[in-house]
Amino acid sequence: MPWEKQYNQADVIEQAMRTFWAHGYEGTSIGDLVAATGINRGSLYSAFDGKRSLYIAALEHFDRVYRSEFLAELAEKYPPRDAIVVAFETAARSDGSDGDPGGCFLVNTALELSPHDPDIAALVQVSFAEVEDFFARMIDRAKQSGSMASTTPTQATAKALLGLFLGLRVMARARADEVTRAAITTQASSMLV
């Protein structure tokens with residue numbers, strides 16, 4: 001009789017993602033992943049070919065669920081200018097006090113692994129480009145609706161917003177005080193006139 005897996009792969013990836021997000025790639029051992037996912041070492045290696053493959057699956061999961069779906073929801077739910085502001089306000093609150101590890105798993109990965117792993121760097125760069133594209137689309141929509149000046153340079157503003165946004169994510173992870181995080185959000189809002 002063939003062996004059947006006794007776990008839900010999506011749940012395993014979610015738990016692994018939370019562990020990597022909290023401790024980083026180097027700070028997470030296979031033992032930590034076994035404890036977090038509830039499946040044994042052999043099953044992890046069988047399903048994911050090792051820690052790096054599981055990390056990439058976790059990173060892709062984060063990107064899809066916590067970045068892509070989040071931005072799509074903002075674009076649908078809010079007027080364009082407000083969607084950008086809410087993205088910043090949400091990032092400013094991501095300091096770990098809500099049960100998440102804090103900061104952004106993609107940004108953490110960019111700092112820890114992108115300089116040394118070209119495949120992971122490429123995944124991170126695609127995600128960052130999509131965040132920049134979100135900002136650019138929202139700026140264009142706001143300009144079309146008249147809620148932003150038509151003279152606002154779309155691409156330059158989107159790039160500056162991305163830099164502020166990534167910096168805010170780092171500051172949130174580093175547990176910067178609320179005043180600092182609010183100042184970054186205010187600065188981003190001031191660019192959207």
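I started with the aromatic pairs and counted twelve. My rule pairs rings of Phe, Tyr and Trp (its six-membered ring) with centres within 6.5 Å; planes under 30 degrees apart are stacked, over 60 edge-to-face, the rest tilted. The model is predicted, so I took local features at pLDDT of at least 70 and side-chain atom pairs at 80 or more, while totals for chains, interfaces and linings use all residues. Numbering runs from 1 along each chain, and side-chain values use heavy atoms, without hydrogens or water.

I looked up tryptophan 21 and phenylalanine 62 next. Their pair is edge-to-face, 5.1 Å centre to centre with 75° between the planes. Tryptophan 21 sits in helix H1 and phenylalanine 62 in helix H4 (residues 51–77), so the pair links parts 41 residues apart in sequence. Helices here are DSSP runs (H or I, at least four residues), numbered from the N terminus. Tryptophan 21 is buried at 4% relative accessibility; phenylalanine 62 is buried at 2%. Buried means under 20% relative accessible area (1.4 Å probe, protein chains only).

Then I turned to helix packing. The axes of H1 (residues 9–23) and H2 (residues 30–37) come within 9 Å and cross at roughly 130°. I fitted axes to C-alpha atoms over the stretch in contact, with angles from 0 to 180 degrees between N-to-C directions.

Which residues in H1 meet H2? I found Val12, Gln15, Ala16, Thr19 and Phe20, against Asp32, Leu33, Ala36 and Thr37 in H2. Contact means heavy atoms within 4.5 Å.

Notes: Helices (H or I, at least four residues) and strands (E, at least two) are DSSP runs, numbered from the N terminus. Buried means under 20% relative accessible area, exposed over 50%, partly exposed in between (1.4 Å probe, protein chains only).
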